[in-house]
Structures are given as structure tokens and as C-alpha cells.
Amino acid sequence: MRSIAIYILSIIFLSAVLMGLTYQVKVPSGAIEMQVYSQDTPLVGSSDSVDEMTNFNIYHYFDKVVSIKDGKLDNTLGVAYVYRKGEMSAEQLIKDFSAKIAFEQDLEDGVTYYGHTKAGGKSVMLGDEEINIQIVINKENIIVGFPLIMGSY
């Protein structure tokens, strides 16, 4: 009986330790996809699809909660969230992320906004502006990238 109790406590302890090694990322409300730009996936488990690029890969996740190996996604080049155009607006996303738009660029099928948000982490310099959020509106979706969207949009 005593050995069973020790066995159960050992399993509980190991489970707690293993759970402590991973963190959960919740995809923002309304987003239909999360893209992670990295050489190696920092996420636990497998992604739904992977686009292999020259210097990094784009990992696509469609679940609402994803486990990651490190709490800050430090080994990534960036992260993006995809929203359906009719279900979300750029104005609402700018408000939700408390973004200050520095400039915009017209596209053939939409518009791109570049800005800065206090919630963002990594940033890049575009001209004289520090940018850590990019919002692209295309025919079907609105994509929000931190610091930039990588790959095609």
C-alpha cells in the first residue's frame, strides 16, 4: 500500500515538473490561425503545416491553445495571427493591440499598416521608425505580424 502511494506521488510530481517546462499560448479571440517564424519550432507537438523557406520555416497552427517550449518564444523570428476579413476590422485590431500606426502602404489587393505597440517585443527599424507590428488587409484576411509578417500575404 505504501509503495502504491509513493508511485502515485511520483507520477504527480513528474507531471507537475513536466507541465512546468512548457507554457501555453492562447491564440487571440477571433484569430483563425497562428503562424510562427522559426528555424526550429519552439512549440510542443507538431504544426498543421510547415512552409519551408531558405533561412526559416513558417509553422501554421489552427488550435486555440498551443504549448510552447519557452515562455517568450525567444527563438522565433516573429509570430502572426490571421483573422477573417468580414469577422474583424483593422481598426478594431489597432485598438485591441494599442498600436500607433507610423505609416501605411497601399497594395494591389489591400493595404499594409506599420506601427508600434507597447505589447510587442522584438522590433525592426524601417527608415527612422521602430516597428513591431504590421497589419495587412488583403482580399480575404487580416494578418497581424509581430514584428513583421514573413512569407507571402
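**Entry 1: a histidine**

I began with His-60, which has a relative accessible area of 9% and is therefore buried, the cut-off being under 20%. I note here that this is a predicted model. I then looked up where His-60 sits and found it in strand β4, which covers residues 57–61. Its side chain makes a polar contact with the side chain of Asp-51, and I noted 2.8 Å for this pair.

**Entry 2: strand β8 and its partners**

Next I turned to strand β8, residues 110–117, and found it mostly covered, since six of its eight residues are buried. On one count I looked up strand β7 (residues 99–107), which runs antiparallel to β8 and is joined to it by eight bridges. The two strands, β7 and β8, form a hairpin, with two residues between them, and within this pairing I found Gln-105 opposite Thr-112 of β8. I also looked up strand β11 (residues 133–137), which pairs with β8 in the antiparallel sense over five bridges; there, Val-111 has Ile-137 of β11 as its bridge partner.

**Entry 3: an alanine in a loop**

Is Ala-119 buried or exposed? I found a relative accessibility of 68% for Ala-119, so this residue counts as exposed, the cut-off being over 50%. Ala-119 is in the loop between β8 and β9, the latter being 124–126. Finally I looked up its separation from Ala-99: the two residues are 20 residues apart in sequence, and their C-alpha atoms are 8.6 Å apart in space.

Key
Residues are numbered from 1 along each chain as its sequence is written. This is a predicted model: local features need pLDDT of at least 70, side-chain atom pairs count only at pLDDT 80 or more; totals for chains, interfaces and linings use all residues. Side-chain values use heavy atoms; hydrogens and water are left out. Buried means under 20% relative accessible area, exposed over 50%, partly exposed in between (1.4 Å probe, protein chains only). Helices (H or I, at least four residues) and strands (E, at least two) are DSSP runs, numbered from the N terminus. Two strands pair if DSSP finds at least two bridges between them. A polar contact is a pair of N or O atoms within 3.5 Å; within protein, one must be able to donate a hydrogen and the other to accept it, and residues adjacent in sequence count only if both atoms are side-chain atoms.
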